[in-house]
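My entries are set down below.

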Amino acid sequence: MNGRIKLDKVNITIKETTKDDLDNIMSLWNDGEVMYFVGFPDGLGITKEEMEKWFEWVTDKPKRCHYSIYEKDLGYCGETFYDVNEKGIAALDIKLFPKARGKGIAYTALSYAIEQAFKDGNANAVYVEPHPDNHKAWKLYENLGFVSKPRPAYLEEGETYLEISRDEWKANNRDL
């Protein structure tokens, strides 16, 4: 599913990632500023071959979807993603180049990914795991309605866990 979304001044295209997007994603992941809060301050150093293997993985499961985000003037801005586990809870992710930050793009794109996780992925809840020091990410997630909850025992250890259920999302006047 692809979407063109206009929200006030935000006019972006969110599309399911294809092989044509791999060079852009590789550039995103190899950017140390983008990857700083996920533990890779020098970027991932990922190769084209590794990107192609990743693409096979990311498109293999029906309850998983990766999106590439474009803005008319900025071009490729970043990515968002969901992956619904066997418990019906979707892990979410979003990464943007610095040029795309502070413009409402993350809010709009992550809202889209949440909607798709609930609709297409049939998730019961979605969660994020922001780095404790990534204050901008925390603010984004709080603005979207995520709240800190006990970390499920089946997940790997981690410092943070924020979640919003399908019902909580709907109660916040979100469309489903």
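The entries begin with the model itself, then turn to a helix, a helix pair and a serine.

Entry 1. I worked with a predicted model, in which local features need pLDDT of at least 70, side-chain atom pairs count only at pLDDT 80 or more, and totals for chains, interfaces and linings use all residues. Residues are numbered from 1 along each chain as its sequence is written, and side-chain values use heavy atoms, with hydrogens and water left out.

Entry 2. I looked up helix α3, residues 48-58, and found Met51, Trp54, Phe55 and Val58 buried (under 20% relative accessible area, with a 1.4 Å probe and protein chains only). These residues cover an arc of only 105° around the axis, which puts them on the same side of α3; the arc is taken from the directions from the helix axis to the C-beta atoms. On the other side of α3, I noted Glu49, Lys53 and Glu56 as exposed (over 50%). The cover over the buried residues of α3 includes α1 (22-29), β3 (64-71) and β4 (75-84).

Entry 3. I then examined α1 against α3: their axes come within 10 Å and cross at roughly 110°. That makes α1 roughly perpendicular to α3 (65 to 115 degrees). The contact (heavy atoms within 4.5 Å) is made by Leu22, Asp23, Ile25, Met26 and Trp29 of α1 and Lys48, Met51, Glu52, Trp54 and Phe55 of α3.

Entry 4. I located serine 111 in helix α4, residues 105-119. Serine 111 counts as buried because its relative accessibility is 14%. Leaving aside residues up to four places away in sequence, I found that serine 111 touches Leu144 and Trp169.

Notes. Helix = DSSP H or I, 4+ residues; strand = E, 2+ residues; numbered from the N terminus. Axes fitted to C-alpha atoms, helices over the stretch in contact; angles between N-to-C directions. Parallel < 35°, antiparallel > 145°, perpendicular 65-115°, else oblique.
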